[in-house]
Amino acid sequence: MADRGCPLEAAPLPAEVRESLAELELELSEGDITQKGYEKKRTKLLARYIPLIQGIDPSLQAENRIPGPSQTTAAAPKQQKSRPTTSRDERFRSDVHTEAVQAALAKYKERKMPMPSKRRSVLVHSSVETYTPPDTSSASEDEGSLRRPGRLTSTPLQSHSSVEPWLDQVIQGSSTSSSASSTSSHPGGRPTTAPSAAATPGAAATTALAGLEAHTHIGVPVNSRVSSKIQQLLNTLKRPKRPPLKEFFVDDFEELLEVQQPDPNQLKPEGSETSVLRGEPLTAGVLRPPSLLATLQRWGTTQPKSPCLTALDTTGKATYTLTYGKLWSRSLKLAYTLLNKLTSKNEPLLKPGDRVALVFPNSDPVMFMVAFYGCLLAELVPVPIEVPLTRKDAGSQQVGFLLGSCGVSLALTTDACQKGLPKAQTGEVAAFKGWPPLSWLVIDGKHLAKPPKDWHPLAQDTGTGTAYIEYKTSKEGSTVGVTVSHASLLAQCWALTQACGYSEAETLTNVLDFKRDAGLWHGVLTSVMNRMHVVSVPYALMKANPLSWIQKVCFYKARAALVKSRDMHWSLLAQRGQRDVSLSSLRMLIVADGANPWSISSCDAFLNVFQSRGLRPEVICPCASSPEALTVAIRRPPDLGGPPPRKAVLSMNGLSYGVIRVDTEEKLSVLTVQDVGQVMPGANVCVVKLEGTPYLCKTDEVGEICVNSSATGTAYYGLLGITKNVFEAVPVTTGGAPIFDRPFTRTGLLGFIGPDNLVFIVGKLDGLMVTGVRRHNADDVVATALAVEPMKFVYRGR
């Protein structure tokens with residue numbers, strides 16, 4: 001035996017190692033550590049006593065190897081003759097070591113620790129892999145990093161009975177002979193044969209530890225007591241009480257699929273394809289002025305004392321009446337000042353085409369009108385905006401983006417308005433958040449320079465150049481500027497004059513905002529075209545006295561009035577006790593928001609109350625408009641011989657599918673709308689589908705109204721992408737052929753063409769709410785609330 005070299009004596013495990021192993025057993029039995037975590041820590045503890053163990057990460061061996069004589073003796077067998085594989089070295093069966101193992105087992109019994117029912121021995125690691133052991137632990141990232149690629153995937157443990165034969169096979173394969181070969185799964189998938197135990201250095205220590213393993217792990221009966229946590233885990237895996245995670249969402253997923261799948265029973269349009277609806281031609285032979293500024297000059301010089309605009313204070317008293325002579329002279333002074341008295345570095349501050357902000361409150365229509373026409377005379381582009389109230393107002397930030405994109409550097413205002421603006425420490429107007437740097441010019445009379453008698457503006461307001469920019473706020477809160485050319489402005493004035501039958505010296509009571517939309521088109525532009533007198537009712541007065549506009553109609557014998565349905569509703573609440581009002585002078589009551597579904601209820605209620613006070617039913621004239629298309633349609637006054645008013649009682653269920661189905665008024669699931677009149681003179685209108693290519697809708701289908709006219713907006717300022725989509729739409733037939741030789745403008749209004757070629761509006765694109773294939777509108781919600789308000793609840797059908 002001595003000639004074989006120095007043998008590796010089988011020394012017993014140190015006490016601290018056995019103690020650590022016992023603590024690991026305790027942690028595993030109580031469920032405080034996973035199976036793989038247990039094996040990893042146990043492998044580290046035993047690595048220094050096992051020179052070569054199959055299945056152990058070599059890095060762990062290098063990390064735990066103890067330098068010393070054992071390394072020298074481990075290398076010695078390489079130079080010696082190999083031992084026979086059948087030989088057994090009795091030195092590796094040390095009685096001392098056996099006693100140490102028995103003592104460790106006895107210590108466990110004294111502690112009465114529950115022994116695990118399943119453990120994999122590190123010494124038979126490769127054999128265990130071959131059998132694909134059950135795995136009930138969820139490996140962490142560190143444990144998973146020790147897995148070799150290509151190993152077989154473990155399957156869930158079903159019962160204890162399936163563990164016993166598997167362990168028996170492993171025990172039998174690993175303990176029958178120390179020279180038995182085993183295979184392991186390597187990255188390449190090739191089986192490797194392990195060398196015999198006798199031929200491996202440290203085989204005696206391996207054999208001794210294998211005996212320890214047999215007693216502490218494999219030798220324990222299967223039905224031994226296990227940790228309650230592990231048993232609970234096994235039971236949960238065997239009989240899961242909760243469905244898989246995906247089953248929690250099966251119902252919602254199926255419903256989603258059902259929404260995306262077209263319902264074969266849903267309503268579908270059945271009518272024929274619509275065609276282009278043409279408005280009546282502009283009246284031929286009528287002497288029209290060449291431009292709006294030429295008209296202003298005409299009235300300013302020939303009718304200087306004719307009243308143009310009357311402003312009221314918050315008590316209803318007329319504070320100032322602007323004549324056409326004053327409007328012309330003051331606008332001329334402002335134009336001269338803007339072009340000749342504003343310099344920067346000895347150069348004119350402004351040049352033709354520059355944009356200028358108009359900052360005027362809703363209570364000062366006179367100065368706004370002077371500023372607007374002064375900019376037109378100076379060939380500047382006015383951009384009317386709201387007065388900013390605070391330095392960090394959220395709405396004004398969007399307006400600031402518009403001003404910045406328009407390149408605005410000058411703002412016009414009044415002395416009173418400027419004093420009310422937030423100030424910086426220097427006393428100047430504060431810089432508003434998101435606004436570009438601005439210079440402020442007060443345009444009260446004393447601040448303007450009188451032009452020489454031989455000075456005349458060179459304004460050319462008949463071409464395609466931009467006349468003014470009107471801001472529009474989208475549903476997302478962003479603000480864009482709609483450009484209106486001089487040609488469109490003039491065409492709009494002509495079309496409104498013909499559609500409304502305006503004549504010279506008529507009086508118009510205006511309750512709307514005069515800076516934009518219908519309030520600007522009727523109360524500032526078309527009124528000057530026809531030398532009309534506008535009585536402007538401020539919003540603050542309407543809040544204090546909702547009946548004030550009716551009183552002014554009666555006092556000035558106004559022939560036309562421009563209101564919204566809200567104004568009609570408020571006046572109903574305040575009219576009690578008023579006996580001396582009469583509306584018999586009105587030939588046209590223009591309802592500017594007649595496109596909203598709830599406007600019909602206000603119109604009907606107003607007519608029921610004031611019909612006995614001189615209001616004729618045919619006088620009420622709803623209209624539809626948008627910033628992009630300007631006026632789209634308006635009901636003609638009775639003296640122009642238009643068709644009678646119409647109402648449509650539509651099924652809400654049909655409208656949700658974009659289909660028009662007439663219903664009865666007795667039902668609560670219907671929407672009653674009124675017509676907004678005929679299309680504007682000289683305009684062409686069509687109805688197209690909402691999504692994708694603008695195909696023409698069918699006659700019983702709801703779509704977006706599109707307008708081709710010389711009286712529409714031209715672009716979103718500085719936004720070429722969305723400009724092309726909105727202002728250059730090309731509607732096509734079902735065959736794909738364009739319906740017209742010129743593009744159309746999308747109005748953003750949803751509706752259809754009804755009998756007598758009347759336009760009906762049922763909502764707006766900005767308020768559209770889509771759920772699956774069904775469409776609802778924010779306006780419908782308001783209409784529903786107003787319809788069922790007396791009952792204090794909302795019916796399901798609506």
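Analyst: R746 is buried, with a relative accessible area of 11%; buried means under 20% relative accessible area, exposed over 50%, and partly exposed in between, with a 1.4 Å probe and protein chains only. The model is predicted, and local features need pLDDT of at least 70, side-chain atom pairs count only at pLDDT 80 or more, while totals for chains, interfaces and linings use all residues. Residues are numbered from 1 along each chain as its sequence is written, and side-chain values use heavy atoms, with hydrogens and water left out.

R746 belongs to strand 24, which spans residues 745-753. Helices (H or I, at least four residues) and strands (E, at least two) are DSSP runs numbered from the N terminus. Leaving aside residues up to four places away in sequence, R746 touches E628, V688, G692, P694, E704, I705, C706, N725, V726 and A729, where contact means heavy atoms within 4.5 Å.

Two of these neighbours also meet R746 through polar atoms. The side chains of R746 and E704 make a polar contact at 2.8 Å, and a polar atom of the R746 side chain lies 3.3 Å from the backbone oxygen of N725. A polar contact is a pair of N or O atoms within 3.5 Å; within protein, one must be able to donate a hydrogen and the other to accept it, and residues adjacent in sequence count only if both atoms are side-chain atoms.

The approach of E704 to R746 is also a salt bridge, at 2.8 Å from N to O. The term denotes a side-chain nitrogen of Lys or Arg within 4 Å of a carboxyl oxygen of Asp or Glu. Because E704 lies in strand 22 and R746 in strand 24, the pair ties together parts that are 42 residues apart in sequence. Both E704 and R746 are buried.

The structure holds 20 salt bridges. One of them pairs E280 with R636, whose closest N and O atoms are 2.9 Å apart. E280 lies in the loop between strand 1 (277-278) and helix 12, and R636 in the loop between strand 17 (630-634) and strand 18 (647-651), so this pair ties together parts that are 356 residues apart in sequence. R636 counts as buried at 8% relative accessibility, whereas E280 is partly exposed at 29%. Another salt bridge joins E701 and K689, at 2.8 Å from N to O. Both E701 and K689 lie in the loop between strand 21 (684-688) and strand 22 (703-708), twelve residues apart. E701 is buried, with a relative accessible area of 11%, and K689 is partly exposed, with 28%.

The structure holds 14 aromatic pairs: rings of Phe, Tyr and Trp (its six-membered ring) pair if their centres lie within 6.5 Å, with planes under 30 degrees apart counted as stacked, over 60 as edge-to-face and the rest as tilted. F368 and F514 have ring centres 5.4 Å apart and planes at 50 degrees, so the pair is tilted. As F368 lies in helix 14 and F514 in the loop between strand 12 (507-510) and helix 18, the pair ties together parts that are 146 residues apart in sequence. F368 and F514 are both buried. By contrast in geometry, Y716 and F727 form an edge-to-face pair, with 5.0 Å between centres and 80 degrees between planes. Y716 is in strand 23 (residues 715-716) and F727 in helix 24 (residues 720-727), eleven residues apart. Y716 and F727 are buried as well.

F368 and F514 also belong to one aromatic cluster, together with F360, F372, Y373 and Y468.

Arginine side chains also lie over ring faces. R516 is placed over Y471, at 4.5 Å from the ring centre, and R531 over W299, at 5.4 Å. The criterion is NZ of Lys or CZ of Arg within 6 Å of the ring centre and within 35 degrees of the ring normal.

For the chain as a whole, there are 25 helices and 27 strands, and 48% of the 798 residues count as buried. Among contacts with a separation of 6 or more, residues 24 or more positions apart account for 74%.
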